[in-house]
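Here is a guided look at a two-chain model, written to be read with the structure open beside it.

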Amino acid sequence: MSAEVGAPSAVPAAAHDSGDAPPPDAGAPALGRERGLWRDALRETFRKTSARIGGVLLSIILALAALAPMIAPHSPTEPLLIGGKVAKSIKPCIHLLGCAASKPQFIMGTDKNGRDVFSRIVFGSRISLLAGAAAVVFALVVGVALGLVAGYRAGWLGNVIMRIMDVLLAFPSLLLAITIVTVLGPGLLNAIIAISVVTIPVYARVVRASVLSIKEQEFVTADRALGVRGPRLVLHRILPNALTPLVVQATLGFATAVLDVAGLSFLGLGVRPPKAEWGSMIAGSRDVVFTSPHQVFFPGVMILINVLAFNLIGDGLRDALDPRLNR
Amino acid sequence: MTRFLIRRLLASIPVLLGIVVVTFVLARLLPGNPCVAELGEKATQAQCAQFNHREGLDKPIPVQLGKYLNKVAHADLGASFRQRRPVTTLLAERLPVTVELSIAALIIAVLIGIPLGVFAAYRHNTLADASAVVVANVGVSMPIFWLGLMLQYVFAVTLKRSPLGLPPSGRLDPGIIATPFFERWGVHANGVFRFVSRLLILNGILAWKWAIVGNALRHLVLPAVTLSTIPLAIIARMTRSSLLDTLGLDYVRTARAKGLGEFLVVIKHALRNALLPVVTIVGLQLGSLLGGAILTETIFNITGVGQTLYEAIGARDYSVVQGFTLVVAIGFVVLNLLTDIVYTVLDPRVRVT
């Protein structure tokens, strides 16, 4: 993503709007600023405590994912043996918190198959982040393309595209995702595809709304007069100015994607065992929740933290990028 | 107003048609052979041919679609392969279960979400506001299938012997049978009455059976709380930000300037206008509750629309998948339409556009 807004003319960088409302008045860009919209936005975003908390949480999860083999004390998939017996469903035991040092130490206990829950959680962060990212990127690419076409060619083609988007939006997203995964067959990749398909309309709508307002602006007319046409006009002039609502939407979409991947895996449609994924960890331990709840508790907390991180950052970004909200 | 309504209604027709086509295509694309699913692995080819012929599965897809559209227009959604019962009958049985759960969840969400949002806006930039924002953010990020399991553990296992103990699954204790209210009234049962009688709590009230009402309520608490989490958080956030916007408007300043107490200003003047966008959010949430119902019903073992659909997808029960998805999606569209209309009635400014 380019750090500079691509429009050559003196267009306020904030010329965007997430809804159908007319664009806000030239968001009064301060004179003499050189830093550019995105840097300012990031700075503004992380001035808020909530976004900072989100940033910290996300950094922790990113660190877990990146350093998983170094952090995880055991294998995420191999059952552990204690004295020749599989260490099934052992409660969390940390010496610092009062557990006898003579007992085997497991920060988050072991699951019913004798695997270390903490190690599985650490490795699970990789799948969660990757799946979320893949789902968002795929939905973004397709959604942006459709939104650009629908906004730029607002005639029958645009209409047809948007009506299809309406139809997709008419289904509860999880239901549609479940059906799509069932059609494609269970598995992580198919779950990612399903979640992307379900969220495409959201991006398409956001982009189309921006394009509709941007293409009426003077700098676009000027570009046209200079002979800029077609893909170049759309990709180099219009799209960069439509990015802000899109970035916000994508960050928030990341949260939804992570949640939905976990939900699908919980229903047995995403990641298959024995691979470590938070949703499928919960599903796998569901039958023992009444006797050893720690196996369900920790993966859920991780999902919550991960989703929360993206929501907090997304909210902060929205506040920072939406000139109407500057109070 | 009428013109707006007509335009809005006309605009939803292509969407509805699209929904029918999409559900049909999706159900057709489900892998696996319905004949094998129905007659078992040992079904001979002749048996399958006969089965396909009987179910109309041997015709070309467009012909099947045409037939299906025609049937849908006559409120015939086919029959379940597995249960050998019309899908409409199944729907009449399961839909009330989900409706009851969703309404309960929405009531919780509105009754807690709006006051929470108002409170946060009223105490803007205080610790109370920050805590409310934290609660809302955590709620929006909640994996509800996990929350459901944890609530089960806390209230059905840990607190089992205490007064706070709640049943972990089902709709009534085993052994309790809810007699439909119309039987007690001694009136003839029609479709609406049957539907209402499956809303256990309403049925209990109508039949004057308070023990059953209490029992059903106790069973409903955990699933309803689980399902309400996300809408509650969204409603609270929306109320807060909308009220904050309204509190900055001139007429609110006027109200303050003429000496009204802060409580009156917020509740009587600002809140009424601030709630307009909240109406839209509430309407939209009602639709998305159906998605959450799949997870909630699976966890709490409630045989509503969500669980039925999930099982039907696994079992390749085409007609059930088609019919249920169709009804859910149509319900979603209709709810959105109603929300729009309510919004227009409340806020005349919208009609112009």
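Does Trp208(B) count as buried or exposed, given its C-beta neighbours inside 10 Å? Trp208(B) counts as exposed, because 11 C-beta neighbours lie inside 10 Å and a residue with 12 or fewer falls in that class. Please keep in mind that this is a predicted model. Trp208(B) sits in the loop between helix H10 (200–206) and helix H11 (210–247) of chain B. The phi of Trp208(B) is near 60°, a positive value in a residue other than glycine.

Asn301(B) is not a glycine either, yet its phi is positive, at about 50°. This residue is in the loop between H13 and H14 of chain B. Asn301(B) has 12 C-beta neighbours inside 10 Å and therefore counts as exposed.

**The two chains in outline**

Chain A contains 12 helices and two strands. Reading from its N terminus, the order of elements is α-α-α-β-β-α-α-α-α-α-α-α-α-α. Chain B, on the other hand, has 15 helices and zero strands. Along the principal axes, the C-alpha atoms of chain B fill a box of roughly 85 × 60 × 45 Å.

The share of buried residues is 50% of the 327 residues in chain A, and 39% of the 353 residues in chain B. Of the chain A contacts between residues at least 6 apart in sequence, 71% join residues at least 24 apart; for chain B, the corresponding figure is 72%.

**Two domains in chain B**

The domain assignment of chain B gives domain 1 (2–73) and domain 2 (87–346). Their C-alpha centres lie 32 Å apart. The contact between them takes 15 residues from domain 1 of chain B and 14 residues from domain 2 of chain B. On the domain 1 side, H1 and helix H2 (34–39) of chain B each supply at least two residues. H1(B) gives the largest share of that side, with 11 residues. By class, the domain 1 side divides into 11 nonpolar, three polar and one charged.

**Helix pairs**

Two packed helices are described by the angle between their axes and the distance between the axes. Here are two pairs, one from each chain.

| Helix pair | Axes come within | Crossing angle |
|---|---|---|
| H1(B) and H15(B) | 9 Å | roughly 160° |
| H1(A) and H12(A) | 8 Å | roughly 125° |

At roughly 160°, the axes of H1(B) and H15(B) are over the 145 degree cut-off, so H1(B) is roughly antiparallel to H15(B). Their crossing is right-handed. The residues of H1(B) that meet H15(B) include Phe4(B), Leu5(B), Arg8(B), Val15(B) and Phe24(B). From H15(B), the residues in this contact include Tyr318(B), Leu326(B), Val333(B), Asp340(B) and Thr344(B). The contact of H1(B) with H15(B) divides into 16 nonpolar, five polar and two charged residues.

In chain A, the crossing angle of H1 (residues 37–45) and H12 (residues 294–321) is roughly 125°, which makes H1(A) oblique to H12(A). The crossing of H1(A) and H12(A) is right-handed. Ala41(A), Glu44(A) and Thr45(A) of H1(A) make this contact with Gly316(A), Leu317(A), Ala320(A) and Leu321(A) of H12(A). These residues divide into four nonpolar, two polar and one charged.

**Where the chains meet**

How many residues of chain B are in contact with chain A? There are 37 residues of chain B in contact with 35 residues of chain A. Among the elements of chain B that each supply at least two residues to this side are H1 (2–29), H13 (262–300) and H15 (318–346). The side of chain B that touches chain A has 29 nonpolar, eight polar and no charged residues.

Leu267(A) is found in the loop between helix H10 (243–266) and helix H11 (278–284) of chain A. With 24 C-beta neighbours inside 10 Å, Leu267(A) counts as buried. Apart from neighbours within four places in sequence, Leu267(A) is in contact with Ile178(A) and with Tyr310(B) of the partner chain.

Notes:
Residues numbered from 1 in each chain as written. Chains lettered and ligands numbered in written order. Predicted model: local features only at pLDDT ≥ 70, side-chain atom pairs only at ≥ 80, totals over all residues. Contact = placed C-beta atoms within 7 Å. Helix = DSSP H or I, 4+ residues; strand = E, 2+ residues; numbered from the N terminus. Nonpolar A, V, L, I, M, F, W, Y, C, P; charged D, E, K, R; others polar. Domains from an automatic or database assignment. Axes fitted to C-alpha atoms, helices over the stretch in contact; angles between N-to-C directions. Parallel < 35°, antiparallel > 145°, perpendicular 65-115°, else oblique. Left-handed = near helix turned anticlockwise from the far one by under 90°. Buried ≥ 20, exposed ≤ 12 C-beta atoms within 10 Å, placed from the backbone.
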